Amino acid sequence: MDRGGSRTLEVRAPGVAPHVYAIGDVTRVPLPGRYDPNAPLVLPKAGVFAAAHGEVVARRIAAAVAGTDDPTRFTGEGFCYLEVGENQAIRAQGSFFALPHPVMQAAGATENQFLDKVRWVEEWSGLLNPGSAAGSPAP
């Protein structure tokens, strides 16, 4: 995926038809800045980014089917939870397209952040597996 397609997640390469998208671990989204001049930065592989990719691509495909344009772009913002034990977690948030380089922020570990993580996982598990504890009861 070239730099221009990294915000729309559209694959732009010779011979690739329009409206072909990449999401999740198959992407290689370039980031601004470098810690090592010989190694370009790329977006980390994480479920939260795959989820954000899916939302962007779903809106763009729906708009294309409807014959309209959707300005939705991947923002490069995301988060992850780091469990530290005893029902405590740290939520780290990042703005990966920030200039001159990606910016990460995290607060101290709390039980509330652990519960937020549990809710996030249950929500996504329920979406992927209807009938699970987080989803609607199976018929």
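I began with Gln 113, which counts as buried because its relative accessibility is 13% (buried is under 20% relative accessible area, exposed over 50%, partly exposed in between, with a 1.4 Å probe and protein chains only). I found Gln 113 in helix 2 (helices are DSSP runs of H or I of at least four residues, strands runs of E of at least two, numbered from the N terminus). Beyond neighbours within four places in sequence, Gln 113 contacts Tyr 81, Ala 89, Ile 90, Arg 91 and Gly 108 (contact means heavy atoms within 4.5 Å).

A note on provenance: this is a predicted model, where local features need pLDDT of at least 70 and side-chain atom pairs pLDDT 80 or more, while totals for chains, interfaces and linings use all residues. Residues are numbered from 1 along each chain as its sequence is written, and side-chain values use heavy atoms, leaving out hydrogens and water.

Next I checked confidence: mean pLDDT (the predictor's confidence in each residue, from 0 to 100) is 84, and 87% of residues reach 70 or more. Over residues 134-139 pLDDT is below 50.

Then I looked at rings, and the whole structure gave five aromatic pairs (Phe, Tyr and Trp rings, the six-membered one for Trp, with centres within 6.5 Å; planes under 30 degrees apart are stacked, over 60 edge-to-face, the rest tilted). Phe 49 and Phe 96 pair edge-to-face, 5.3 Å centre to centre with 85 degrees between planes. Phe 49 sits in helix 1, and Phe 96 in the loop between strand 2 and strand 3, 47 residues apart. Both Phe 49 and Phe 96 are buried. Ring pairs join Phe 49, Phe 74, Phe 96 and Phe 97 into a cluster.
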